Amino acid sequence: MSNGTRIDPEEREPRAIKIRQPKHRGRKIVFSVLAVLSAVLVIGAGVFAYINFGDYFEFDKFGKTAEESSSSESEAEIPEEPESVPEIPEEPEVPEEPEVPEEPEVPEIPEEPEIPVEPVPEEPSIPKDEWFMILVNRENPLPEDYSFEPALIDDMGHSVDSRIAADLSAMISAGESEGLDFVFYTAFRTIEKQKEFFEAGTTDAAPGTSEHNSGLAIDIGCATGNFVGSPEEAWLLEHAHEYGFILRYPSDKVDITGFEHEPWHFRYVGKEQAALIKESGLCFEEYLAQ
Ligand SMILES: [Zn+2]
């Protein structure tokens with residue numbers, strides 16, 4: 001089609017030029033020749049292209065190579081792209097995933113601090129305010145209003161605080177079941193009796209400073225002879241704590257207790273505390289001072 005449009009106008013011009021401007025006839029001829037040559041080159045180029053690349057043109061027509069060359073197909077796809085454009089604003093919805101703040105819930109670390117809690121229960125608390133833990137010595141006399149309910153423990157008139165009578169009876173019975181024979185030398189001693197003995201010089205413990213005034217102490221002997229070195233003494237040293245009693249005045253604690261060694265004097269402090277005191281190796285004053 002392009003060939004016809006270029007050839008026709010040039011064939012017409014020479015006719016018009018002959019009539020109107022004969023003076024420039026030579027220049028027109030040159031232009032005409034150039035136009036013809038250019039037309040021939042264009043036609044030749046078209047024929048050459050058709051011969052050499054005709055196959056591609058035919059494929060384009062039948063759409064066999066649509067994926068590669070055809071520019072017309074790529075242009076048709078452009079309008080489809082704008083359809084994907086509106087999807088872009090939907091992507092901004094991603095920032096709505098602020099799930100990050102939920103991760104801070106991982107603070108499981110504070111559970112580790114439970115480690116320091118373990119050593120705490122290992123330290124036994126001393127029930128210093130309990131009635132069976134009252135400290136009575138030369139520096140700590142009993143309160144004037146101190147009182148308790150006494151209970152007889154034999155037919156000799158000996159009595160103790162009724163709250164320790166059962167454990168004392170159990171201890172004596174356990175020893176007797178093994179062939180031992182115990183007697184009580186001294187148990188509860190009233191303040192009045194303590195005053196009488198103290199004034200007579202029978203004891204060096206002033207009224208209220210002897211554990212015998214509390215009803216929690218007892219002097220034990222054996223019916224067969226000397227208590228020191230007897231099987232009864234050996235048995236008490238090994239088992240008294242099992243019934244809540246401790247050897248109150250050990251030979252190596254005289255400077256602390258303020259009393260000479262009394263192998264027969266036992267003091268009630270309860271089974272739990274008696275075991276702890278015996279295990280510690282401390283006298284009652286040292287144990288309470290912890
Ligand atoms: Zn005593």
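Modeller: Start with one residue. Ile-277 counts as buried because it has 23 C-beta neighbours inside 10 Å. The rule: 20 or more other C-beta atoms within 10 Å means buried, 12 or fewer means exposed, and in between is partly exposed, with C-beta atoms placed from the backbone. Bear in mind that this is a predicted model: local features need pLDDT of at least 70, side-chain atom pairs count only at pLDDT 80 or more, and totals for chains, interfaces and linings use all residues. Numbering runs from 1 along each chain as its sequence is written.

Colleague: Which residues are in contact with Ile-277, leaving aside its neighbours within four places in sequence?

Modeller: A contact means two C-beta atoms, placed from the backbone, within 7 Å. On that test, Ile-277 is in contact with Ile-246, Val-269, Leu-282, Phe-284 and Tyr-287. Also, Phe-245 is 32 residues from Ile-277 in sequence, yet the C-alpha to C-alpha distance is 9.9 Å.

Colleague: In which helix is Ile-277 found?

Modeller: Helices are DSSP runs of H or I, at least four residues; strands are runs of E, at least two; both are numbered from the N terminus. Ile-277 is found in α9, which spans residues 271-280.

Colleague: How do I read the faces of a helix?

Modeller: An α-helix has 3.6 residues a turn, so residues three or four places apart point the same way. In α9, the buried residues are Gln-273, Ala-274 and Ile-277. Those buried residues fall within an arc of 105° seen down the axis, so they line one face of the helix. The arc is taken over directions from the helix axis to the C-beta atoms. Glu-272 and Glu-279, on the other side of α9, are exposed.

Colleague: What covers the buried residues of α9?

Modeller: The cover includes β5 (245-247) and α10 (284-288). After α9 comes Gly-281, with a positive phi near 80°.

Colleague: What is the strand order in the open sheet?

Modeller: Strands pair if DSSP finds at least two bridges between them. Here 4 strands run β3-β4-β6-β5, with antiparallel pairing. β3 (182-186) and β5 are at the edges with a single partner strand each, so one side of each has no neighbour in the sheet. Between β5 and β6 there are 3 bridges, in the antiparallel sense. Phe-245 has Tyr-268 of β6 as its bridge partner.

Colleague: How many residues score at least 70 in pLDDT?

Modeller: pLDDT is the predictor's confidence in each residue, from 0 to 100. 61% of the residues score at least 70, and the average is 79. Residues 1-5 stay under 50, with 2 contacts beyond four places in sequence. Residues 57-78 are also below 50; that stretch has 7 contacts in the model beyond near neighbours in sequence.
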